[in-house]
Amino acid sequence: MDGSINSATAVSTKNSKTVKYPYYIEDPVTENRVARFLEAFAAVVKYSDYKPLLDSYCTSTAKCNRCAVACPVFLATGDPKDIPCYRTNLLLETYRRYFTIGGWLKSRFGGGFELTDEIIDEMLDGFYRCTACRRCTRECPMGVDHGLITHLGRYILSLIGIVPKALQVSVREQLEGETRNTSKVPKAALLNTLEFLSDEMEESLGVKLQFPVDEPGRDYVFFCAVSDYLMEPETLMGNAAVLYAAGDWDRWTIGTGNYDGINYGLFYSDWHLENIIKQLISEVTRLNGKSILIGECGHASRSAHDFVPVFGGKEAYPVTNFMEYTLDCIRKGKITLDPDIVTERVTYHDPCNIARSGWIVDQPREILRSFVKDFVDMKPAGQDNFCCGGGGGLVSVDEIHEFRMSVGGRVKAEQLRKTGASICIAPCANCKKQLKELVEYYEIPCRVMGLHDLILRAIQIPGGKSTAERKEEAAMLEI
Amino acid sequence: MEQWIEFAKGPLFAFTFLIMILGLARLVVIQIFSLITGKGRRLRNAPWRKIIADAASWVVPVKHLIPGTKIFSTLSYLFHIGVLLVPLFLADHIVLWEGFLGINLPAIGYGVADSLTLFTIFCVIIMFSFRLFSRRLRSMSRHADYGLLIAVIIPFISGYLATHPSYNPFPWDVMMLIHLLSAELLFVLIPFTKLAHIVLFFFDRISGLHWQLRPGAGDKVAEELYGKEARV
């Protein structure tokens with residue numbers, strides 16, 4: 001497969017219609033898609049715990065449309081096919097018809113639902129138009145988790161080879177490749193990057209720090225989105241600066257056996273979700289670490305926080321998001337942030353994977369309010385904040401860029417513009433990528449950065465350059 | 001006609017009520033059994049406090065009045081007040097509960113019951129109109145969504161007319177029979193339609209629990225479909 005658009009074209013077996021997929025797929029299934037889908041669905045129902053959920057949802061969805069007015073995609077398109085309940089119903093009707101007695105009985109009386117190639121086409125399109133932000137779930141009076149149904153629908157599709165190539169290739173490298181990470185960053189490149197960051201920090205902060213690598217017995221084994229090592233040096237330097245200033249430099253380490261917190265299994269596969277978590281846990285065990293410290297990545301944080309306890313067994317290490325750690329340092333007086341450095345108006349974007357459940361909502365705000373003079377919240381904010389438009393792995397699928405900009409991210413862009421902020425904090429690798437593309441697409445005069453990028457500017461470094469000196473040097477560089 | 005009414009008030013009421021109770025009980029038992037056998041110890045990891053707090057926030061869901069759905073949501077919520085209070089606490093119904101179940105519930109006054117009944121009818125008419133005329137709602141609505149609204153409104157209309165002869169164009173016994181039969185139809189429909197949200201509401205809300213996936217399931221699914229050498 002050469003990855004061109006033509007390679008993403010499959011021939012439907014029904015009516016010999018040519019089907020074009022909305023994203024590149026490595027090996028499109030062309031024969032007996034319906035039968036294979038049902039076979040995969042049956043296997044999932046047999047071995048997993050989805051049955052009670054599906055039974056309950058099948059019976060009780062209210063068709064009230066509250067999910068529609070909560071969904072950023074529907075709010076942008078107004079297309080009934082973008083209503084979360086419509087999409088969820090595609091899977092529920094399939095379940096009811098083929099896996100329940102009531103559905104079988106109903107089918108004896110003529111007409112009714114039958115799974116077809118066209119419906120599979122709707123699913124493979126619809127489930128990847130959903131950003132899995134679960135805003136709909138918060139507004140559903142029944143509490144139907146449409147994000148979970150999107151995950152399940154994508155899981156079943158992936159079992160018949162229908163998954164965006166970008167995600168599949170990344171996971172394959174992470175689970176079966178040499179580098180064991182989604183960006184194919186070899187160990188040598190990681191070590192080079194850490195050397196580079198060390199030099200940068202010496203130049204900008206005035207302290208020489210050797211990043212701890214493969215140190216055994218540390219309290220924290222650090223994982224971030226591996227792409228941060230290549231693309232977000234300031235976030236990582238901000239993380240390192242907090243650890244150093246707090247006197248915790250000897251309490252953490254990066255492991256070269258596995259240094260990627262990304263988990264695309266959360267987006268589309270229980271199988272990969274579990275195996276990636278196990279890989280994470282193995283690295284902590286290898287290093288005899290005591291807990292997992294996740295950098296600024298929403299889905300990496302949620303994957304580890306929610307699923308290490310599920311899949312970890314006796315090795316279910318505690319998981320801390322870096323913002324929780326930083327806030328703890330501030331509250332205990334272990335670090336000091338200069339309140340005179342950041343003068344711009346700053347706003348905060350809540351990454352869905354850490355905010356929707358209410359886990360990380362107040363912590364970053366408390367951090368920001370401790371050193372930012374002009375902080376303004378988006379409306380709505382917190383658990384009800386809108387998705388960046390690139391959630392659920394969509395940001396990694398480059399060929400749907402236009403969809404992410406003009407549909408997925410439209411509401412977010414309006415929200416951002418209304419704040420009038422010149423800095424938007426987005427403590428998530430995927431959200432940052434999406435928001436950076438959004439501000440360019442909609443010409444919004446706003447810089448998107450991680451929380452620790454901003455902290456890096458304001459943190460007092462013991463034995464290093466002062467914040468004022470660093471601000472002056474940074475201003476000179478910009479000139 | 002009197003014999004039909006006695007039959008509807010007696011054996012048919014008992015039979016249909018039993019179908020409703022057993023049907024709902026079956027749903028509850030299946031859900032609990034599936035969760036315990038499926039999730040087992042992982043039930044402990046679920047964010048129970050958040051789940052309960054979330055479910056509780058829907059008892060008086062003021063914060064869930066979001067733009068685009070305020071009227072429909074408000075009416076849908078308020079409609080439940082009449083739907084719950086009138087069948088349970090109207091004096092004429094309490095006689096039935098006492099006779100069949102031996103439970104003595106307090107009665108609401110006829111004036112209150114009349115107001116609640118009319119308000120319920122009003123809510124149903126508006127909700128039905130929304131489903132007819134709102135493109136967004138119409139796109140999601142199934143036949144059952146219209147049918148169930150009709151099934152709910154008929155006992156209320158017939159009950160009101162039976163107790164207000166001046167508005168009733170039909171003989172009392174005909175209206176009473178319609179009232180009884182339509183209510184009993186609802187009993188039968190409840191466990192087999194979305195009206196089962198009476199008991200399923202809580203099980204739907206525990207999505208935090210449903211994310212407690214079964215360890216090892218992914219490997220088993222992959223092996224069943226692609227053999228031991230299944231690859232990404």
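Biologist: How many salt bridges does the rule find across the interface of chain B and chain A?

Modeller: A salt bridge is a side-chain nitrogen of Lys or Arg within 4 Å of a carboxyl oxygen of Asp or Glu. The rule finds three across this interface. One of them joins A:Glu176 to B:Arg231, with the closest N and O atoms 3.4 Å apart. This is a predicted model: local features need pLDDT of at least 70 and side-chain atom pairs count only at pLDDT 80 or more, while totals for chains, interfaces and linings use all residues. Residues are numbered from 1 along each chain as its sequence is written, chains are lettered from A in the order in which they are written, and side-chain values use heavy atoms, with hydrogens and water left out.

Biologist: What area do chain B and chain A bury between them?

Modeller: The size of an interface is often given as the accessible area lost when the parts come together. Here that buried area (accessible area with a 1.4 Å probe, summed over both parts) is about 5200 Å², 58% of it on carbon and sulfur atoms. B:Met140, B:Trp211 and B:Val232 supply 18% of the area that chain B buries against chain A, more than any other three residues.

Biologist: How many residues does each chain bring to the contact?

Modeller: Contact means heavy atoms within 4.5 Å. On that rule chain A gives 68 residues and chain B gives 54 residues.

Note on methods
Buried area is the accessible area (1.4 Å probe) that two parts lose on being put together, summed over both.
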